[in-house]
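Trainee: Could you walk me through this one before I start working with it?

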Amino acid sequence: MPESEPVPAETADQADRFKQRLGILLCTIYAVVYAGFVGISVYNVTLMDTLMPFGLNLAVFYGLGLIVFALLLAMLYSRACAAKERAAARGTDAATPEAEQAVGSSSAEKESDA
Amino acid sequence: MTAVAIFIGFVAFLFWLSWFLGRKAKSADSFFVAGGQIHWFVNGIALTGGYLSAASFLGICGMIAFKGFDGYLYSIGFLSGWVVALFVVAEPLRRLGKYTFADALGARFESRTIHLAAGISTLVICICYLVPQMVGAGVLIEPLLGIAHHWGVILVGAVVIVVVASAGMASTTYVQFIKAGMLITFSAVLVGAVCVRGLESTPDTVNAKGEAVPHYAFRSVALEAGPDLQQALTGTAFQYVDSLRLESGSGSQGSQTWVLLDELALLEEDGDGQTYHLVRGGQRLPVVRDPDGAIAGLLRDIPAPERATSEDRQITLQAVRVVEKGGQPHARLEGWWLMQEGPDGQSILHEAQDVTTVDGSMYINGLPATGEHSLLSMGRISQFGSRSGHDGQRGPMGPLTLLSVFADPGTEAQLPRTANLRHRGRDVTLYYHQSVAGNELMRPGGHFDITAGSIWHRLDFISLMVALFCGTAALPHVLIRYYTVRDSAAARRSTIVAISAIGLFYILTLFLGLGAIANGVLNPQTDNMSAPLLARSFGEVLFAIITALAFATVLGTVSGLIVAASGAVANDLMDRFLNRSMSGTSKVLAAKLTAVSVGVLAVVLGILFRGINVGFLVGWAFAVAASANFPAIIMVLFWKRTTAAGIISSILVGIVASLGIILAGPDMFKLYGLAESSAWVPLGQPAIVSMPLSLLTLVVVSLLTPNGKSSSQSVAVDA
């Protein structure tokens, strides 16, 4: 039993690391798309007149798209985090084999990080 | 009266609610974070309520109505900031902290000075953010109650101070929850009404008293070009008086030629034979009372044969010059016209409105300003492009069709603009229409002049977008709400609820701003009023509800900010920095005293910043937050080498640099009454300089100081 003590901490930690990496990845993706909007505005603003579906111009299409995209990414993030947290919680409950695996993969991640 | 009754009823309801819920909040914990017991959905909508400030509603709609797409940049930026807040900052920060941003930093560093720096930054950002809320409050109250701007500001200040000092966070959470839900609902109703009414080029509108009046089309007169304007005007109702060339200080508009013309307007005699009305710009104005029969005398005294040429005879009654022509009394009025080159070498004169101060009294369009006589509302679509297939008739249209009509290059919108000149020793403010093509209206560049040659305008634009992206996560009153729910998952769900609600609302702002142009309701003196005035064109009830909700929005945001500021002073400055171990009760007392002082300061600044777009002002608050707090937050979470000294110097450098650039920049110079070109710093938006500077300071100072007191594991360990 004493050996199983650190297991819950490790799985929770693993979920946290997953959430943090996913968050940074999604934020970077969004930042690139956002920078694209700013870039077009500054370097070639007439490109924003381009006709898009529904008779919208690119500026409105891109602008509305940035808002909808943020929401989609947020939902994706939330689902992924919830799934990971559930897995971590299951790992805590079910103790041994799965949790062992989780510990293994988390320490592997740590090594690759460093 | 209905409007005022609905408005007062709503505000009274909020008072009752905060009192009712506030009875439960007695301990220090419940004052600051409502005991961590708020449901995630309620918290999410309350986050929305705290975030959707007067700036979102009044400022963005107003800037879209006056400048087009650039107002919408704020919507996009304000929402995008949540991406950083949710994905990067929310959860790790929640694992670190208790009450405030400073506590979160304090969880990693045992430094009292860090509490001082974080407390100061919270206070400064709160005040920067409070100013536009107060300006917005004054703007709302002015048309509703007919009182001066500064009384509106004082009223909001008083209400909020009472609400916060008597209750605290528990009440504001629920107040914001209800208010945010209703604000989004009624904004959607208003957008629905705009779409159902549709677009036409001569929309009926409402006057300053809220009465429906037919559309007034500002006149244009085409003249054969020639050196002699006086001769060209022969045979028209106008006489040439003077003309002035106005060199534009900045922007791409170049110079303007303004022409002052004399016009005879018929005076209609009232039934009592003593009052004379003038129909001008769709307003029927009682302009002259004639107790001594002076006008009748003027008409009678002249022998009939001479009457046709008797314009040189005049009397002045109540500052209106009355002349006689064709046996009828006329008012001789001067008005300013903007001269532009037309096709075929013609000169076209466009009618403008003016506010002129003569010997201390104010004249509007040549007549003394009274309650009944005010500036006409402006803005309209003068021409519809053919691409969208819209026939120019009013009638229901889909929201996307509405956007496509505006974006059509063949569509032409008329937007109010302002010019100032001095004439005969008098200060004249002119309001005129500028025609903007649909494609230019609906792309960036209306406010931030990115197409002009100057690199500074482009930098301003980029700088704003950076500030909005990074600023949200660094705002103190947003961060504090991560602690009002039970756990990380709840905080995340709250944030997603908030993003959905805020995203929906920001999509609505685009329609509200464009709707305000199309319905010709714009007050040329301030863009902040556009959304409530749009509501007014759909009746007094909708106007009252929207105004009450916007007022509540101000109230909610201001409460949230003042709670954050009080928390900073009570927890960071007094408890931690001065190391006075305070009991829960005296902590709450200190917080309440801070609430009162910060509230009073915000009221004073709110009066001084009158007339500036509130969305623009909030953009500055975001810039200060992004410069002062953002590098500190990010580096504490992701760089193990960060030291307390690095954080402290970064926060202080961020505050000083961002505020310094704003205060020395062109926009503030305009407010000081100086030329924009004489500004010490050519940059109006500071973040692109001040944020990297703050980050660099953090890195350099951290590397120069020992890493002793930090515990690098604290981020990963769940508290």
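Mentor: Confidence first: pLDDT is the predictor's confidence in each residue, from 0 to 100, and helices here are DSSP runs (H or I, at least four residues), numbered from the N terminus. This is a predicted model, in which local features need pLDDT of at least 70, side-chain atom pairs count only at pLDDT 80 or more, and totals for chains, interfaces and linings use all residues. Residues are numbered from 1 along each chain as its sequence is written, and chains are lettered from A in the order in which they are written.

Trainee: Where in chain B is confidence lowest, and where highest?
Mentor: The lowest is helix α2 (residues 28–33) of chain B, at a mean of 50, whereas helix α24 (residues 687–704) of chain B is highest at 94. Chain B averages a pLDDT of 81, and the model scores ipTM 0.85 and pTM 0.86.

Trainee: How many residues does each chain put into the contact?
Mentor: Chain B gives 43 residues and chain A gives 37, two residues being in contact if their C-beta atoms, placed from the backbone, lie within 7 Å. On the side of chain B that touches chain A, the largest share, 13 residues, comes from α5(B).

Trainee: Switching topic, how do α14(B) and α20(B) pack?
Mentor: Their axes, lines fitted to C-alpha atoms over the stretch in contact, are 8 Å apart at an angle of about 65 degrees. That makes α14(B) roughly perpendicular to α20(B), a class covering 65 to 115 degrees.

Trainee: Which residues meet there?
Mentor: Among them are Leu464(B) and Leu468(B) in α14(B), and Phe622(B) and Ala623(B) in α20(B).

Conventions: Helix = DSSP H or I, 4+ residues; strand = E, 2+ residues; numbered from the N terminus. Axes fitted to C-alpha atoms, helices over the stretch in contact; angles between N-to-C directions. Parallel < 35°, antiparallel > 145°, perpendicular 65-115°, else oblique.
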